Amino acid sequence: MLRLKTNWKFDILRPGFFLLLALLLINLSFLEYQCYTFVQKCTCLLIVFYLGFLLLCKFNSLKWLIFIILLATIFGFHSDMSKTNFALKPNTAITFFPDKMKISDDWFTVEGQTAGSKILVSGKLSSSQLKQLNYGYKVILHDLSGEVNPIEPASNYGEFDQQKYYRSKKITQQVNLTSFKIQIKKGGLANYLHYWRFQLKKFLQKFPPILSFFSNELILGESPDQKFQTILNNYRDLGVIHILSISGLHVGIYTLVISTVCYYCKLTEKETFIFCLFILLVGIFLSNGQAGFIRASLTYILRQIFSLHKLKINKADLLGLTAVLHMSVNPRLMMNTGALLSYTLAMGLEMTKNLSKFRQSWALNILLLPLLLFHFFQFNLLTVFFNLLVVPYFNWVVMPLTFFNLIIFNISPRCSYFLEKILEQGEKVIAKVSNSKIGLLTFGKINWWQCLFLLLLTAILLMLINEKSKSQKLIRHLFKLAFIMYGLIFLTIHFPLKGQVTFIDVGQGDSILISTPIFRRVYLIDVGGKLNFNGKKITPQINKITVPFLKAQGINKIDGIFLSHQDADHVGDLRPLLSQIRVKKLYMAEGLIRNPSFCKRITGRIQKGQIVQLLAGETINEPQISFKVVYPFKPGIGKNEDSLSLLFRLANKSWLFTGDLGQKGELEILSRYHLHADYFKLGHHGSRTASNKEFLQALQPERVFISAGRKNRFGHPHPETIATLRSQHIPWASTQNCGMITWNYGVLIKPKFKRFLPVIKK
């Protein structure tokens with residue numbers, strides 16, 4: 001028994017056990033939660049079998065422990081796969097803590113708890129209900145009425161997948177409440193802890209804007225308002241966004257400061273550890289369990305425990321043990337991009353520990369590059385230099401001023417505004433450098449197998465360099481292979497063999513991307529935007545739909561944007577798009593430029609020489625494509641009846657786009673031109689006011705398309721229009737149920753359509 005205990009202890013602390021075990025469990029989690037295709041599952045299974053084989057070969061004496069852990073993991077994954085099946089019933093109640101709630105324009109959103117499961121909750125608040133929520137105690141919603149729906153997936157390439165994000169939190173449904181009653185519940189330790197966090201959030205909101213932003217980011221791990229997205233974008237474009245996350249950097253600073261204070265207070269090592277443990281647990285709670293902070297805190301805690309018990313453990317195994325324990329609490333951990341980046345970075349630090357600081361910084365950026373391209377589609381070539389400049393500013397200016405302000409704000413608010421002015425100047429400099437786009441490369445999105453291959457290749461290469469391998473020839477060959485791989489991927493993204501016509505799913509609006517093969521030219525017909533019915537400021541849709549889609553394809557320049565007319569659902573997002581993407585030409589129907597409301601969208605964003613006004617009969621001849629204008633015949637002011645209508649031909653197929661042109665305009669086109677279009681986007685989102693029967697008969701389209709929002713208030717497409725299509729046996733497709741619709745063509749490929757959303761089997 002003594003020999004077994006000794007061997008057990010020796011084997012479990014032998015280098016490699018916890019690291020291999022963690023890698024095995026991570027791959028099992030990918031297999032369970034993130035492998036959707038047959039090839040992905042087979043690839044993941046091969047890696048699982050290989051890691052399992054290594055574990056059993058190297059640690060044969062622990063085979064029963066390994067089997068028990070694997071069985072427990074598989075059982076845990078299986079029990080974790082239960083889905084929410086929420087229904088509004090008379091006795092249904094939803095509970096949540098107000099500190100986790102977001103409120104915008106009297107509209108609240110929160111992750112609620114009901115009947116042992118979680119659900120995303122939203123609804124409009126009255127002034128009395130808002131007052132109740134501001135008490136800060138636990139909330140119980142009852143007497144509910146509203147609509148329950150599954151959380152929708154991303155419907156465009158490159159778009160953030162909200163469904164996957166919430167699935168990582170075990171949330172699959174959302175409820176939009178139309179009426180409800182609120183009950184406030186006091187009492188209980190958890191309730192008072194969340195009340196304290198809520199009061200802290202309210203306190204931080206009183207600070208001047210930039211101090212409030214940094215305080216929320218560094219203490220609570222969340223941005224207080226959408227208006228600070230510009231600051232986040234600036235840090236992201238420079239490649240230094242990690243310093244804003246509550247991560248290992250902050251854990252290191254916290255423990256260093258606490259240990260130094262405890263040292264001068266003559267506290268023992270164990271007492272210092274207990275004090276640090278308490279502070280870190282408070283930090284985990286305040287940051288709402290942010291993955292990077294938990295990872296760093298858990299690593300510190302385990303390291304101290306091993307040190308106090310005089311046990312030695314390899315640093316890589318310490319990270320592996322951290323991952324095993326972290327995943328035992330949250331099996332879906334690696335669905336979180338932040339967690340994946342945090343653990344990869346921590347592993348990279350261990351893999352490159354023998355390199356100089358500067359070389360290590362380069363190595364870590366190269367290691368993270370495949371993940372950054374897979375998730376964010378761009379990176380900054382100068383990120384190492386920006387880190388050398390921005391990190392000291394952040395550590396020695398931003399953090400001290402932010403935490404100093406916490407102490408002096410109630411004593412001297414004027415002093416806070418002085419600190420705010422200092423930070424304003426720093427952020428102006430960062431914004432200026434970021435806006436220059438220096439070093440920023442829009443690479444494009446790599447696919448999963450490219451990401452996996454490059455990640456493994458880079459890891460092997462860095463380990464060889466770190467260990468100062470004598471096989472310099474092998475290192476050179478691996479460098480060449482990585483360089484060639486990145487080069488080939490870049491060329492296939494930026495010089496594609498196929499062109500496209502893509503109906504971007506922008507909801508209730510229009511935005512169509514046209515691109516040509518090889519020496520790519522890019523054009524947009526309209527840019528989408530939200531219709532504003534209440535006069536309140538609207539967050540641009542392009543930030544989450546169009547811009548990510550363009551970046552995913554490596555597009556950072558548009559050769560021309562055609563604007564059909566002035567309606568917000570067609571041109572509403574033009575100004576924010578012009579501020580982020582370089583545009584060579586802006587095409588519009590003659591007269592639109594004299595519309596004051598439209599002029600506001602482009603003032604200061606486009607030069608007069610870049611604007612081209614068009615009337616029917618004119619042609620825009622571009623490399624590989626020509627756009628023929630078929631409407632309007634006279635200048636207008638940008639109304640529906642003035643919609644710019646375009647005809648073009650690609651791969652022997654003709655396309656017609658008429659904006660929101662009504663039936664009268666269609667018949668006018670018919671009287672002037674003998675048109676045929678293989679593909680036609682129905683006018684005015686499939687409204688009964690457009691797509692005249694005679695017009696459709698004359699066009700004889702093979703297929704028509706509808707760009708309309710799901711459950712839109714106008715009821716588009718109208719039943720009369722669908723009836724017309726059916727009577728003429730014209731196939732149709734809508735972004736409502738297809739998501740993004742793409743037609744690809746090229747020299748070496750047969751033209752074909754594909755929808756982004758899968759067909760739902762009934």
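# Helices, loops and ring pairs in a predicted model

Thr 299 is placed in helix H12, which covers residues 291-308. The model is a predicted one. With a relative accessible area of 12%, Thr 299 is buried. When neighbours within four places in sequence are set aside, the contacts of Thr 299 are Leu 318 and Thr 322.

H12 comes up again in the surroundings of helix H14. The buried residues of H14 pack against H12, and also against helix H2 (17-33), helix H13 (315-329), helix H15 (357-375) and helix H18 (448-466). H14 itself runs over residues 337-351, 15 residues in number. From the first C-alpha to the last, H14 reaches 21 Å, close to the 21 Å expected at 1.5 Å a residue. Its buried residues are Ala 339, Leu 340, Leu 341, Ser 342, Tyr 343, Thr 344, Ala 346, Gly 348, Glu 350 and Met 351. At the start of H14, Asn 336 has a side-chain oxygen that comes to within 2.7 Å of the backbone nitrogen of Gly 338.

Helix H4 can be read by its two faces. H4 consists of the 18 residues 63-80, and at 1.5 Å a residue these should span 26 Å; the end C-alpha atoms lie 25 Å apart, which agrees. The buried residues in H4 are Leu 65, Ile 66, Leu 70, Thr 73, Phe 77 and Asp 80. Around the axis they cover an arc of only 135°, so they fall on the same side of H4. The general rule behind such a pattern is that an α-helix has 3.6 residues a turn, so residues three or four places apart point the same way. On the face of H4 turned away from the buried side are the exposed residues Trp 64, Ile 68, Leu 71, Phe 75 and His 78.

Arg 167 belongs to helix H6, residues 162-167. Along the chain, Arg 167 and Tyr 33 are 134 residues apart, yet their C-alpha atoms are separated by 9.2 Å. Arg 167 touches Tyr 33 and also Tyr 36, Arg 332 and Met 335, with residues up to four places away in sequence not counted.

Two loop residues come next. Asn 556 sits in the loop between helix H20 (546-552) and strand E12 (557-563). At a relative accessible area of 44%, Asn 556 is partly exposed. Its C-alpha atom is separated by 8.5 Å from that of Gln 580, which is 24 residues away along the chain. Residues up to four places away in sequence aside, Asn 556 touches Thr 442, Ile 581 and Arg 582.

Ser 643 is in the loop between strand E16 (625-631) and strand E17 (645-650). Is Ser 643 buried or exposed? Its relative accessible area is 0%, so Ser 643 is buried. The side chain of Ser 643 reaches the backbone oxygen of Asn 640 at 2.8 Å. Beyond its neighbours within four places in sequence, Ser 643 is in contact with Ser 564, His 565, Tyr 631, Pro 632, Thr 658, Gly 659, Asp 660 and Leu 661.

The remaining subject is the aromatic rings. With ring centres required to lie within 6.5 Å, the count comes to 46 aromatic pairs. One of them is the pair of Phe 648 and Trp 655, which is stacked, with 6.5 Å from centre to centre and 15° between the planes. Phe 648 counts as buried at 2% relative accessibility, and Trp 655 is buried as well, with a relative accessible area of 0%.

Tyr 679 and Phe 753 form an edge-to-face pair, 5.0 Å centre to centre and with 85° between the planes. Which strands hold the two residues of this pair? Tyr 679 lies in strand E19 (residues 679-681) and Phe 753 in strand E23 (residues 752-755), so the pair ties together parts that are 74 residues apart in sequence. Tyr 679 counts as buried at 6% relative accessibility, whereas Phe 753 is partly exposed, with a relative accessible area of 22%.

The ring of Phe 753 also has a charged residue over it: Arg 703 lies over its face, at 4.6 Å from the ring centre. A further case involves Arg 672, whose charged end sits over the ring of Phe 633, 4.2 Å from the centre.

Technical notes: Residues numbered from 1 in each chain as written. Predicted model: local features only at pLDDT ≥ 70, side-chain atom pairs only at ≥ 80, totals over all residues. Heavy atoms only, no water. Phe/Tyr/Trp six-rings, centres within 6.5 Å; stacked < 30°, edge-to-face > 60°. Buried < 20%, exposed > 50% of the residue type's maximum accessible area, 1.4 Å probe, protein only. Helix = DSSP H or I, 4+ residues; strand = E, 2+ residues; numbered from the N terminus. Lys NZ or Arg CZ within 6 Å of the ring centre and 35° of its normal. Expected span 1.5 Å × (residues − 1). Arc of directions from axis to C-beta. Polar contact = N/O pair within 3.5 Å; in protein donor to acceptor, adjacent residues only side chain to side chain. Contact = heavy atoms within 4.5 Å.
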